[in-house]
Amino acid sequence: MVKDRIVLLDSLRGLAVLGILLCNIPIAAEPHSVATSLTLWPLGMAPASVAVWWVTQVFFQQKFYSMFAMLFGASILMVGGEGGDKDRQRTLILRLASLLPIGLLHGLAIWQGDVMNTYAVVGLLAMWARSWPAKRLLRTGIGLHLGLSAWAAWNLLQHAAQGGGDPPPAQMAKFLAGVQADSAQYAGTFTQSLSQNARDFWEFVFGAFTQWPQTWPLLVLSLMLMGMGLYKLGVLSGRASTGVYQGLIGAGLGALAIVCLAETAYMVLPSHPWAPRALARWLQSATAPVVSLGYVGLMVMATRARVWKTIPAVLAPVGQMAFTNYLTQSILMTALLYGGRGPGLYGKVDRPFLAAATAVIWLLQILWSRWWMARFTMGPLEWLWRLAYRGPMPLRRAPETAAAAT
């Protein structure tokens, strides 16, 4: 049972890190401000491009970020325990503190979409709640998430009461000019793309922690607390009843259907007006944890069904080295797209190409992870990271263990 639970968590982590890539790659191909937009996407609205946008928004966007944040919350308990053990607490603090400079370096020097810096800071706050009962963790996490959703809804209603709609033409023209200037920097030399990437990353990080309310860090905190509560209840470790997972699947499919209807309505309306777009984005964010847990339920049921067990088995090695795979995705994306680093395809490729590139990276990471984990105890970057907070650890598997893993 213990082995099965570890495989389940690794499978969920692998699913999350692969799913995140499809959401991240448009942000590496176009300025963040237009990367997820249907109408402002610089390469137009060809049917194939719109189809990829729709699939991404309905089934992927925010769902796998939410899942990964919940799993990160579970890892806080797995590493640090529930409190009382000073050695484990020290290890946890070192683990999170060492993640912060890695995230900052990743965001400044490789890709501006880094989230590890936020996970490190918020994790250092969330860890102090790990002794709370599961229900208290869940109530606090869900309540915080509902509060953030209510705040977003209030802002939308205020904007609607003031007339709603997009900015006036002059303001929109200025915005689009800024988008074009940023795109030229990303598509330029290595120095230009590096400079623009660092500038965008730092503006996001500074804004996330200085604006009021701090929506992004608080969102991550809400998800981590939920993940900690769900782990204590056995939901994320596969120990809950079949009925619980069936309920999560039903709720997730219901939430997914609502988001699907909203995104489809926005997509098919001729003028793609502001109101349905705003509603679809709000629903997408508000329901993301529910859909994520629906995916968790499906994965658990797959582990319990002989015909579907291959899926979690294939994903588990990807999750065992999720840190390595996450950073590798950033390197591959920027090498392919940013100016001065490779083909320099920034601003030149449409969504179908990006989806195909994502599928290729998925396949490579699945195969690479399986090969690596059959020979080593952890991913290469996981090993280097653990040196910072645990000291030297064996990397290569013992011959008999490696033979069993293959």
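Predicted model: local features only at pLDDT ≥ 70, side-chain atom pairs only at ≥ 80, totals over all residues.
Helix H15 covers residues 351-373. The 23 residues of H15 should span 33 Å at 1.5 Å a residue, and the end C-alpha atoms are 32 Å apart, so the two values agree. The buried residues of H15 are Arg351, Leu354, Ala357, Thr358, Ile361, Gln365, Ser369, Trp372 and Met373. Glutamine 365 has a relative accessible area of 2%. That value is under the 20% limit, so glutamine 365 counts as buried. Beyond residues up to four places away in sequence, glutamine 365 touches Leu18, Val318, Asn325, Thr328 and Gln329.

Two helices that pack against H15 were examined, H13 and H3. Such a pair is described by the angle between the two axes and the distance between them. H13 runs from residue 310 to residue 320. The axes of H13 and H15 lie 8 Å apart, at an angle of about 75°. An angle from 65 to 115 degrees counts as roughly perpendicular, and H13 and H15 are therefore roughly perpendicular to each other. On the H13 side, the contact uses Val314, Pro317, Val318 and Gln320. On the H15 side, it uses Gln365, Ile366, Ser369, Arg370 and Met373. By class, this contact of H13 with H15 has 5 nonpolar, 3 polar and 1 charged residues.

H3 (47-60) packs on H15 at about 55°, with the axes 7 Å apart. H3 and H15 are therefore oblique to each other. H3 contributes Ala48, Ser49, Val52, Trp53 and Phe60 to the contact. H15 contributes Arg351, Pro352, Ala355 and Trp362. The contact of H3 with H15 divides into 7 nonpolar, 1 polar and 1 charged residues.

Proline 312 lies in H13. The relative accessible area of proline 312 is 2%, so this residue is buried. Setting aside residues up to four places away in sequence, proline 312 touches Val7, Ser11, Met299, Ala302 and Thr303. Proline 312 and isoleucine 102 are 210 residues apart in sequence. In space, their C-alpha atoms are 29 Å apart.

A further packed pair is H4 (residues 63-80) with H12. H12 covers residues 274-303. The axes of H4 and H12 come within 8 Å and cross at roughly 65°. That makes H4 roughly perpendicular to H12. The crossing of H4 past H12 is right-handed. H4 supplies Lys63, Phe64, Ser66, Met67 and Met70 to the contact. H12 supplies Gln284, Ala288, Pro289, Val291, Ser292, Leu293, Tyr295 and Val296. The classes in the contact of H4 with H12 are 9 nonpolar, 3 polar and 1 charged.

Glutamine 284 sits in H12. With a relative accessible area of 2%, glutamine 284 is buried. Apart from neighbours within four places in sequence, glutamine 284 is in contact with Gln57, Gln61, Gln62, Lys63, Val259 and Glu263. Gln62, one of these partners, lies in the loop between H3 and H4. Glutamine 62 is not a glycine, yet its phi is positive, at about 75°.

Helix H5 (residues 86-109) has 24 residues. H5 reaches 35 Å from its first C-alpha to its last, close to the 34 Å expected at 1.5 Å a residue. Buried in H5 are Thr91, Leu92, Arg95, Leu96, Ser98, Leu99, Gly103, His106 and Gly107. The cover over the buried residues of H5 includes H4, H6 (116-126), H9 (190-210), H14 (322-337) and H16 (380-389).

Histidine 272 is found in the loop between H11 (242-268) and H12. Histidine 272 has a positive phi of about 45° although it is not a glycine. At 14% relative accessibility, histidine 272 counts as buried. The peptide bond joining tryptophan 212 and proline 213 is cis, with omega about -5°. Proline 213 lies in the loop between H9 and H10 (215-232).

Key: Residues numbered from 1 in each chain as written. Heavy atoms only, no water. Helix = DSSP H or I, 4+ residues; strand = E, 2+ residues; numbered from the N terminus. Buried < 20%, exposed > 50% of the residue type's maximum accessible area, 1.4 Å probe, protein only. Contact = heavy atoms within 4.5 Å. Expected span 1.5 Å × (residues − 1). Axes fitted to C-alpha atoms, helices over the stretch in contact; angles between N-to-C directions. Parallel < 35°, antiparallel > 145°, perpendicular 65-115°, else oblique. Left-handed = near helix turned anticlockwise from the far one by under 90°. Nonpolar A, V, L, I, M, F, W, Y, C, P; charged D, E, K, R; others polar.
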